[in-house]
Amino acid sequence: MNKLAILSAAVMVALTAPSALAKVTDAEAAKLGTELTPLGGVKAGNADGSIPAWDGGITTAAAGYEKGMHHPDPFSADKIEFTITNATKEKYKAHLTEGQMKLFELYPDTYKMNVYQTRRTASVPQFVYDATKANATRAELVSEGNGVKGASIGVPFPIPENGLEVIWNHVLRFRGVDVKTSRSQAAPTAGGSYTLVETAEEIRFQYSRPEMTLDKLAASNTLFYFKQVVTQPARLAGTALLVKETMDQEALPRQAWTYNTGQRRVRKAPNVAFDTPGSVSDGLRTTDDFDMFNGSPVRYNWELIGKQEVYIPYNDYKLHSDQLKYDQIIHPGHINPEFVRWEKHRVWVVKAQLKEGMRHIYKTRTFYIDEDSWQVSLADMYDNRDELYRVAVAHAINYYEVPTHWSTLEVFHDLQSRRYIAMGLDNEGRMYDFDAKLSEANFTPAALRRAGIR
């Protein structure tokens with residue numbers, strides 16, 4: 001990976017030093033909400049002022065917004081400060097990842113990054129902040145990092161001591177409680193043609209429920225339930241997937257079921273994990289690529305490299321707008337860069353190296369995790385020849401009716417085929433419903449069969 005700007009040698013040493021899986025002290029936890037944000041980011045801005053101080057993020061909806069609408073851009077008046085192109089990328093190399101540099105190289109005439117003023121808009125409800133502070137002194141990794149205990153609702157490790165804690169912060173970050181979505185994805189050919197795949201999804205986040213307790217989580221060992229049903233095109237409609245994700249993956253691995261319309265049967269699907277090709281993905285992402293990373297971390301050694309200042313997609317309300325058509329977004333090689341907003345933010349950098357004796361199509365993965373939200377913003381994936389294989393980009397906004405900072409679109413670039421898959425397209429569809437009332441009865445094999453029947 002590139003030698004990006006390190007915030008300080010002292011920080012680097014502290015973050016990469018070997019660490020026991022220990023909880024932080026009360027004195028360290030007291031920094032949350034003072035010198036650190038309530039979720040553990042550095043509250044102050046950077047030295048040159050290009051990253052401002054965090055002042056609470058977005059806490060109110062934009063003028064004119066009503067639930068059910070696509071989210072108006074609260075920063076529509078912001079102007080582009082500068083644009084990075086293949087011709088100028090070396091000037092900004094200190095704040096670019098190897099994957100970003102490679103995209104400039106592959107698409108020198110069309111790929112660019114419009115960089116805007118940095119706005120630290122990430123926020124979550126107060127009960128999540130409160131839970132995060134409680135988690136800080138009691139959460140710990142279990143099963144050699146394959147699970148977490150002593151945490152509920154909030155971020156488990158707001159002051160992380162190793163790479164595993166950082167990746168679990170991403171996996172357990174707050175994204176609402178009950179959510180229903182209607183989203184689309186496109187995997188264009190090299191020439192730009194594509195067939196839209198539409199899905200209906202339901203997620204019940206057990207971990208994040210306001211009433212959740214440590215005892216309830218320990219008893220259920222359930223992080224979330226996820227159900228996905230393909231609604232278009234006709235040849236795929238009715239194909240369905242159900243996942244029960246566990247907190248301690250050693251005690252009980254992920255449980256998954258699929259429904260096949262041809263056989264009209266629900267089948268247990270233990271292979272819905274790790275590097276199995278993602279459902280209806282045209283082979284352009286793995287199962288554990290979904291949400292930038294999900295599932296058990298057991299196949300990798302996780303190294304915390306440190307913090308760096310990187311240009312990442314942020315406040316991508318323009319890309320999220322219902323004024324856009326999918327044809328305006330989906331272009332050959334990459335999505336239309338005119339609709340993407342890049343900002344400089346501090347990110348945690350975590351390197352995942354495949355363990356000896358383990359199998360995965362990605363030998364190495366480097367993740368760039370936003371310090372304010374714990375959202376993985378960028379990921380570079382390398383094959384078994386140590387060559388850059390895929391580049392993943394999460395385009396995030398603050399869903400300010402919740403509030404939560406979450407991706408509105410995820411793009412996975414396959415550098416070998418020069419194709420990509422764009423997941424989460426909702427410009428022409430209905431907006432997320434964060435007020436859905438979903439019970440555990442929505443997430444049974446019988447419910448999956450009912451959802452899949454055409």
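In which loop is the place of Pro 233? The points below take this up along with other local features.

1. Basis. This is a predicted model, in which local features need pLDDT of at least 70 and side-chain atom pairs count only at pLDDT 80 or more, while totals for chains, interfaces and linings use all residues. Residues are numbered from 1 along each chain as its sequence is written, and side-chain values use heavy atoms, with hydrogens and water left out.

2. Confidence. pLDDT is the predictor's confidence in each residue, from 0 to 100. The chain averages 93, and 95% of the residues score at least 70. Residues 1-20 stay under 50; the model has 42 contacts for them beyond four places in sequence. A contact means heavy atoms within 4.5 Å. Where pLDDT is low, the predicted coordinates should not be read in detail.

3. Cis prolines. Pro 233 sits in the loop between strand E7 (224-232) and strand E8 (240-245). Helices (H or I, at least four residues) and strands (E, at least two) are DSSP runs, numbered from the N terminus. The peptide bond from Gln 232 to Pro 233 is cis, with omega near 0 degrees. The bond from Val 402 to Pro 403 is also cis, with omega near -10 degrees. Pro 403 is in the loop between strand E15 (388-399) and strand E16 (404-414). Most residues other than glycine have a negative phi, and most peptide bonds are trans.

4. Positive phi. Asp 282 has phi near 60 degrees. Asp 291 has a positive phi of about 60 degrees. Buried or exposed? Asp 282 is exposed, with a relative accessible area of 53%, whereas Asp 291 is buried at 9%. The cut-offs are under 20% for buried, over 50% for exposed and partly exposed in between (1.4 Å probe, protein chains only).

5. Strand E9 (residues 255-260) runs antiparallel to E10, joined by four bridges. Two strands pair if DSSP finds at least two bridges between them. Tyr 259 stands opposite Val 266 in E10. Four residues separate E9 and E10, and Arg 264 in the turn has a positive phi of about 50 degrees.

6. Thr 118. This residue is in the loop between strand E2 (113-115) and helix H4 (126-136). Thr 118 is buried, at 7% relative accessible area. A polar atom of its side chain lies 2.8 Å from the backbone oxygen of Lys 344. Thr 118 also touches other residues, including Ser 50, Pro 52 and His 345.

7. Helix H5. Nine of the nine residues of H5 (residues 163-171) are buried. Among them are Glu 165, Trp 168 and His 170. Their cover includes strand E3 (140-142), strand E12 (342-354) and strand E13 (364-370).

8. Aromatic rings. The whole structure holds 23 aromatic pairs. Phe 127 and Phe 174 form an edge-to-face pair, 5.8 Å centre to centre with 90 degrees between the planes. Rings of Phe, Tyr and Trp (its six-membered ring) pair if their centres lie within 6.5 Å; planes under 30 degrees apart count as stacked, over 60 as edge-to-face and the rest as tilted. Phe 127 is partly exposed at 30%, while Phe 174 is buried at 6%. One aromatic cluster includes Phe 205, Trp 406 and Tyr 432.

Technical notes:
A polar contact is a pair of N or O atoms within 3.5 Å; within protein, one must be able to donate a hydrogen and the other to accept it, and residues adjacent in sequence count only if both atoms are side-chain atoms.
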